[in-house]
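Visitor: I would like to learn how to read a protein model feature by feature. Could you take me through this one, giving the general idea and then the case at hand?

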Amino acid sequence: MLAGGYFGRALIVDVTDGTSQSLPLPDEVLRAYVGGAGLGAWLLYGLSPAGADPLGPDAPLAFVFSPLVGTPLTTSAKFAVVAKSPLTGMLTDALASSQFAIAGKLTGHDAIVIRGRSSTLSVLLIDGDSVRLSDAAGLAGLTAADADSKLRDQLGRGWRVAAIGPAGEIGPGGEAGVRYATISHDGRHAGRGGLGAVMGAKNLKAIAVRAATRVATAHPGEVLTFARDLRERSFGPATAKYRELGTLANLLAFNAISTLPTRNFQSATFEGADRLGAEAPGGAHGAGDAEADPPPEIGGMRRVARSSCASCTIGCEHIYRVGRGKKTRVEYENVFALGPMCGVSDPEAVLAASARCDDLGIDTISAGGTIAWAMECAQRGLIDAPWLRFGDSAALLRVLDEIGHRSTPLGSLLSEGSRSASRTVGAGSASFAPHVKGMEMPGYEPRTLHSMALGLAVNARGADHNRSGAYEADLSGDLDRLDGGDAHVAAAIETEDRAAVMDSMILCKFLRGVFTDPFAEWAELLSGVTGWDMTGTELRDTARRIVMAKRVYNIREGWQPGDDWLPDRLLNEPLTLPSGRVATLTADRLRAMIDSYYKMRGLDRQGRPAAGFADDLRLA
Ligand code: SF4
């Protein structure tokens with residue numbers, strides 16, 4: 001009997017000719033990988049030819065749903081998009097939220113996998129089992145939001161759309177899109193790793209889905225009870241920070257403890273932080289009442305709305321407007337990447353840059369990191385762009401446009417990301433290119449967060465704060481964040497495992513603090529939905545399997561031991577903190593933590609899994 005919450009099949013579509021087929025998903029695979037990022041890794045390994053060009057027709061692009069989608073559980077309306085990244089050449093998975101997840105799953109599939117390449121710019125329409133392509137010439141060059149609204153006007157009720165902006169589309173000369181282009185739905189983005197470029201390379205402007213069926217859970221009463229309990233917990237102190245100010249609450253807190261990367265990691269504090277940050281009404285960690293307290297003002301910006309993804313009771317989206325300017329969602333990562341990382345302290349410019357990234361359809365973190373690297377190159381005279389200065393708002397906006405449209409040689413260079421661009425420029429610029437495995441660094445300073453340093457170095461996706469939340473251990477006060485050792489390694493592994501399960505069920509990570517015994521509680525929840533008798537111990541094995549499957553995929557695609565590493569700058573340039581203490585992350589210390597990670601993970605000294613792993617992974 002099929003487990004609750006699943007359809008037991010994936011839809012495989014070839015957009016070269018519009019044909020499709022159904023791929024059965026065995027119960028044992030669903031139980032082993034759950035859904036979302038985990039099931040996506042399994043699908044990618046099996047459906048992608050080894051060594052496939054991520055922007056070639058053979059490379060699959062998978063939209064993967066999860067057993068919780070469609071249940072009343074708060075924050076469960078999410079999907080994962082999984083592919084080989086054109087930025088890193090390794091696996092990338094990005095999560096996004098909202099009605100697309102529900103409509104996509106209720107087409108009757110646990111995943112939709114797209115292969116091939118359409119001869120003209122097209123929209124893929126999936127209505128239950130019916131699959132067709134339609135011409136998208138009229139959508140060319142539109143923002144994802146405009147393409148979404150135009151398509152839904154044409155298609156009528158019930159359709160949900162995920163689309164790319166102009167940066168993801170194939171250019172007029174046949175050139176590929178920006179290697180960190182995004183896929184967007186309803187203002188949310190599957191942001192990291194260039195999934196929008198993969199979709200654009202298939203000549204797809206959008207995918208539109210419409211629900212055609214229903215899915216039942218195994219024990220609806222248990223699921224409802226769990227959902228009510230989780231809803232109550234989602235109103236508690238563990239999520240207050242997200243309700244009151246959102247993740248931007250991190251900015252001042254990180255600046256105060258010297259972990260706010262500034263001017264391409266040349267500093268860990270930013271003199272303009274006060275203009276960009278604000279404290280939540282109850283303080284940075286939030287104890288205030290989101291409804292009763294006035295919304296915080298940030299550098300003259302007014303909060304004009306709070307919003308949330310579908311099926312979410314937290315509502316972490318804080319929409320701000322500067323003057324009469326455009327409304328923009330404010331989050332820590334986009335403000336960090338386009339603000340301190342580029343030395344820009346003007347809140348209006350940072351918001352405008354963030355809105356520009358959304359319109360173009362590019363990842364704010366990779367955009368900010370790549371531009372910051374280019375600003376340093378310009379400062380050192382390594383590239384001919386004297387106008388591209390740290391702190392120059394107009395330069396930031398100008399170069400974003402050049403990247404998004406690949407309209408100048410500099411824009412084309414930077415559209416490839418900082419790793420590729422630094423290889424082109426040479427002259428030692430690779431030593432300060434802010435990436436791991438080709439993916440630009442998020443806003444966490446590794447020299448002052450040693451657990452996070454390891455998490456970033458070994459992550460399958462590259463420099464990524466969502467698949468490893470190791471900074472939590474650094475900030476917990478239980479560890480010396482400047483003195484990494486085995487305790488930091490164990491903490492990094494624990495957060496990596498928790499993320500693997502949360503990203504596969506899928507529940508929003510902003511809920512993570514409400515669970516007191518996470519694996520056991522998640523097992524109980526999944527048992528109610530699926531009917532499987534799961535335990536916390538089984539889910540811990542599931543987490544390790546998912547982490548390992550991604551590593552095995554990367555190894556097949558050319559990963560080398562040296563890819564688990566950090567940029568030279570972070571290992572060679574100590575930081576002096578306001579306290580006078582010097583924050584150093586030497587190559588020896590990082591090496592020791594990586595060796596320890598490999599050992600605790602059961603990997604060999606080169607970071608490769610032992611032969612015995614293969615059976616457990618069930619990778620065909
Ligand atoms: S907490 Fe924020 S990101 Fe998470 S589901 Fe809710 S609105 Fe979306």
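Visitor: Where is isoleucine 506 placed?

Guide: The place of isoleucine 506 is in the loop between helix 18 (486–505) and helix 19 (518–530), where helices (H or I, at least four residues) and strands (E, at least two) are DSSP runs, numbered from the N terminus. Residues are numbered from 1 along each chain as its sequence is written. This is a predicted model, in which local features need pLDDT of at least 70 and side-chain atom pairs count only at pLDDT 80 or more, while totals for chains, interfaces and linings use all residues.

Visitor: What should I look for in the backbone there?

Guide: As a general idea, most residues other than glycine have a negative phi, and most peptide bonds are trans. Here the peptide bond from methionine 505 to isoleucine 506 is cis, with omega near 0°.

Visitor: Which value does phi take in valine 34, and is that residue buried or exposed?

Guide: Valine 34, which lies in the loop between helix 1 and helix 2, has a positive phi near 70°. A residue is buried if 20 or more other C-beta atoms lie within 10 Å of its own, exposed if 12 or fewer, and partly exposed in between, with C-beta atoms placed from the backbone. Valine 34 counts as buried because 31 other C-beta atoms lie within 10 Å. Arginine 406, in the loop between helix 13 (393–404) and helix 14 (409–414), has a positive phi near 45°, and arginine 406 is buried, with 23 other C-beta atoms within 10 Å.

Visitor: How do I read strand pairing, and how many bridges join strand 1 to strand 2?

Guide: Strands of a sheet pair through backbone hydrogen bonds, either parallel or antiparallel. Two strands are said to pair if DSSP finds at least two bridges between them. Strand 1 (residues 9–14) and strand 2 run antiparallel and are joined by six bridges, and isoleucine 12 has glutamine 21 in strand 2 as its bridge partner. The hairpin of these two strands has four residues between them, and glycine 18 takes a positive phi near 80° in that hairpin. Strand 2 (residues 19–24) is hardly covered, since the count of buried residues among its six residues is zero.

Visitor: In what order do the three strands of the open sheet lie?

Guide: The order is 13-14-15, with antiparallel pairing. The edge strands, each of which pairs on one side only, are strand 13 (302–307) and strand 15 (327–329). Three bridges join strand 14 (residues 317–321) to strand 15, and isoleucine 319 stands opposite arginine 329 in strand 15.

Visitor: How do I read the division into domains, and what lies where domain 1 touches domain 3?

Guide: Domain bounds come from an automatic or database domain assignment, and the protein is divided into domain 1 (9–210), domain 2 (239–440) and domain 3 (446–617). The centres of domain 1 and domain 3, taken over C-alpha atoms, are separated by 27 Å. Their contact takes 33 residues from domain 1 and 27 residues from domain 3, two residues being in contact if their C-beta atoms, placed from the backbone, lie within 7 Å. On the side of domain 1 that touches domain 3, the elements that give two or more residues are helix 1 (27–33), helix 2 (36–47), strand 4 (78–84) and strand 5 (91–97). Helix 2 gives the most to that side, with eight residues.
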